[in-house]
Amino acid sequence: MTSLITTSAEAAHSLAVSLLSKAQIQPGATIPEHSVKESAPDVLVPLKFSGRNVIVGVPGAFSGTCTVQIPGYIQNYDRFKAKGVNEVYVVAVNDAFTMKAWKEQLAPTGTGVRFMADDKGTFTSALGLMFDATPKFGAPRSKRYVIIADDDKAESLFIEEDPSKVTITDAETVLSHLA
């Protein structure tokens, strides 16, 4: 009976990811406008992009690989600004409390990098960038990606084949693609 319930739950998670994810965003496509949370669980922040922005999607706050990847964006924030980037956003399918605590841990003296909680996964799903992370995180999560946005258009897109690795979504690589 237990294995039947487990199998059913796994199938339900896979189905949920399939239903939540649309076709994956492509360069040149419009980034859908969605609201997420930043510093409080009851305050929605609309993600409206103006000018050039960098959106960094990660599977989970406080996870090992994500916690190694994101400091590069914090340390290089001024370099992103110097290259004409308005905002650097870190987005994860986590709640606002978790994202706020993670930001405080990674940047105890503060940072201009904005940590956004896509707690229901609606923004990530609209981008088509959800994957079934049930074995590791217990639920669907964001793929590891970076979008360089020009206004509401995806100018460049970097998606890790293996979300547990950082090969093309590190800050230095992204900086090298900014003119």
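This is a predicted model: local features need pLDDT of at least 70, side-chain atom pairs count only at pLDDT 80 or more; totals for chains, interfaces and linings use all residues.
As for where Asp-151 sits, it lies in the loop that runs between strand S8, residues 145–150, and strand S9, residues 153–159. On the surface, Asp-151 belongs to a patch of negative charge, in which it gathers with Glu-33, Asp-150 and Asp-152.

Now let me step back to the whole protein, which has 8 helices and 9 strands. If we take the contacts between residues at least 6 apart in sequence, 70% of them join residues that are at least 24 apart.

For a second residue, I would like to turn to Gly-57, whose place is in strand S3, residues 52–58. Is Gly-57 buried or exposed? Gly-57 counts as buried, because its relative accessibility is 0%, and the cut-off for buried is under 20%. Which residues is Gly-57 in contact with, once its neighbours within four places in sequence are left aside? They are Val-91, together with Ser-142, Lys-143, Arg-144 and Tyr-145. Finally, Gly-57 and Leu-129 are 72 residues apart in sequence, and from C-alpha to C-alpha they are 8.7 Å apart in space.

Technical notes:
Residues are numbered from 1 along each chain as its sequence is written. Side-chain values use heavy atoms; hydrogens and water are left out. Helices (H or I, at least four residues) and strands (E, at least two) are DSSP runs, numbered from the N terminus. Contact means heavy atoms within 4.5 Å. Patches are made of residues with over 30% relative accessible area and no salt bridge: like charges are joined within 9 Å, nonpolar side chains (Val, Leu, Ile, Met, Phe, Trp, Tyr) within 5 Å. Accessible areas come from the Shrake-Rupley method with a 1.4 Å probe; for residues, only the protein chains shown count as cover. A salt bridge is a side-chain nitrogen of Lys or Arg within 4 Å of a carboxyl oxygen of Asp or Glu. Lys and Arg count as positive and Asp and Glu as negative; His and the chain ends are not counted. The place of a charge is taken as NZ of Lys, CZ of Arg, CG of Asp or CD of Glu. Buried means under 20% relative accessible area, exposed over 50%, partly exposed in between (1.4 Å probe, protein chains only).
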